[in-house]
Amino acid sequence: MSRRALILGTLLAAVGLGACYSLDPFLYSRERVDHYTLPAEGDTPEETVSPDRIEPVDLVVDAHVRLGAAYVKSAQQPPLGYVLYFHGICCNLDAHIARPKGLSNLGYDVLVFDYRGWGTSTDVEPTEQGLLEDSRAALAWLSARSGLPADRLVYYGRSFGTAVATQLAADKPPAALVLESPFSSVQGLVGDSSNMDLPASFLSEGAWDTEGRLRAMRGVPLLLLHGAEDDFVRPEFSERLYSVAHEPKRLVLVEGADHDDVPLRMGVDYAPTLADFLSGTRAWP
């Protein structure tokens with residue numbers, strides 16, 4: 001069964017149970033652990049780093065919430081730039097460190113963090129507002145570490161993380177925003193998966209309206225990457241977001257790629273695509 005079919009099954013269950021079954025457990029598919037392994041070795045050389053380049057980080061949001069995080073350093077110092085990375089819905093940091101390691105091997109220092117409720121982060125219920133507070137704390141840490149303001153940093157979101165990254169970008173505009181495999185909003189996800197005219201609020205407390213935020217956002221360079229064969233979050237979502245976003249913007253549909261393997265399928269084109277996009281932004285030295 002495809003993951004898109006799983007969404008449909010969740011929606012049908014919600015309708016059948018009078019919406020007492022929510023889409024939120026799917027959006028926030030958390031996995032708790034009491035410590036991270038933070039593997040230095042990846043599945044490919046591109047996602048493998050030396051252990052000394054991974055630094056565990058403890059982020060303080062407020063008196064009640066702390067976040068597990070990791071800082072992955074580039075082999076070259078100073079780095080080409082600094083990236084705040086927002087991961088997808090499932091699992092915890094150990095499962096999401098591959099992309100940050102890959103970005104570090106391209107010359108960037110990367111901070112990746114677990115949202116509240118994930119991994120070793122404080123076990124409180126995630127909400128859209130709560131994840132914004134988490135993102136602000138991560139941004140504050142990376143700004144202090146790099147000595148740079150938000151408008152000199154890159155936000156990179158993947159899958160569900162694209163919604164979290166865009167939410168922060170609307171609040172604290174970055175030098176550039178990279179969205180890999182994004183969806184438009186919870187409303188768009190519900191409509192695409194079910195073909196049912198249901199309000200998003202019927203199934204989720206969060207709107208996660210990336211489309212609306214991009215429509216209102218100006219002056220933030222946007223790069224959209226999407227697998228042409230993605231049957232979970234279809235490439236039409238990126239095409240829709242591209243159509244409403246303001247310049248400068250670029251859309252790259254990757255032939256043969258699904259929801260999980262965009263960099264792998266891009267191969268040698270991945271690094272120059274990022275470098276070319278970032279070369280015209282404030283993130284570039």
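This is a predicted model: local features need pLDDT of at least 70, side-chain atom pairs count only at pLDDT 80 or more; totals for chains, interfaces and linings use all residues.
Me: What does β3 pair with?

Reply: Two strands. With β4 (residues 108-113) the pairing is parallel, over five bridges, and with β5 (residues 154-158) there are four bridges, again parallel. For landmarks on the β4 side, look for Y85 opposite V112. On the β5 side, L84 faces Y155, and F86 has G157 as its bridge partner.

Me: In what order do the strands of the sheet run?

Reply: Eight strands make an open sheet, ordered β1-β2-β4-β3-β5-β6-β7-β8, with mixed pairing. The edges are β1 (54-60) and β8 (249-254); each has a single partner strand, so one side of each lacks a neighbour in the sheet. On average, neighbouring strands are turned by 20° against each other, ignoring direction.

Me: Which strands does helix α6 touch as it packs on the sheet?

Reply: Helix α6 (residues 160-171) touches β3, β5 and β6 (176-180), and its direction makes about 150° with that of β5. Helix α11 (residues 270-278) packs on the sheet too, touching β4, β5, β6, β7 (222-227) and β8. The direction of α11 makes about 160° with that of β7.

Me: Which residues of the largest nonpolar core touch the most other members?

Reply: The general idea is that nonpolar side chains tend to be buried together in soluble globular proteins. Here the largest nonpolar core has 50 residues, and those touching the most other members are L84, F86, F113, Y155, F160, L177 and W208. There's also a second, separate core of 32 residues, which includes V83, L93, V252 and L278.

Me: What is F113 in contact with, once its neighbours within four places in sequence are left aside?

Reply: Quite a list: L59, L67, G68, A69, L84, Y85, F86, H87, L93, D134, S135 and A138.

Me: How does the span of α5 compare with what its 19 residues should give?

Reply: At 1.5 Å a residue, helix α5 (residues 128-146) should span 27 Å, and its end C-alpha atoms are 27 Å apart, so the two agree. As for which way its residues point, an α-helix has 3.6 residues a turn, so residues three or four places apart point the same way. Just after the helix, G147 has a positive phi of about 75°.

Me: Where are the cis peptide bonds?

Reply: One joins Q77 and P78, with omega about 0°; P78 lies in the loop between β2 (66-72) and β3. Another joins E247 and P248, again with omega about 0°, and P248 belongs to the loop between α9 and β8.

Me: Is Y242 buried or partly exposed?

Reply: Partly exposed, because its relative accessibility is 28%. Y242 is part of helix α9 (residues 236-244). Beyond its neighbours within four places in sequence, Y242 contacts L224, K249, R250 and L251. Y242 and E211 are 31 residues apart along the chain, and their C-alpha atoms are separated by 9.1 Å.

Me: How many helices and strands does the whole chain have?

Reply: There are 11 helices and eight strands, and 54% of the 285 residues count as buried. For contacts with a separation of 6 or more, 71% come from residues 24 or more positions apart. The accessible surface is about 11,800 Å², with 52% of that belonging to carbon and sulfur atoms.

Technical notes:
Residues are numbered from 1 along each chain as its sequence is written. Side-chain values use heavy atoms; hydrogens and water are left out. Buried means under 20% relative accessible area, exposed over 50%, partly exposed in between (1.4 Å probe, protein chains only). Contact means heavy atoms within 4.5 Å. Accessible areas come from the Shrake-Rupley method with a 1.4 Å probe; for residues, only the protein chains shown count as cover. Two strands pair if DSSP finds at least two bridges between them. A nonpolar core is a set of buried Ala, Val, Leu, Ile, Met, Phe, Trp, Tyr and Cys residues joined through side-chain atoms within 4.5 Å. The expected span of a helix is 1.5 Å times one less than its number of residues. Axes are lines fitted to C-alpha atoms, for helices over the stretch in contact, and angles run from 0 to 180 degrees between N-to-C directions.
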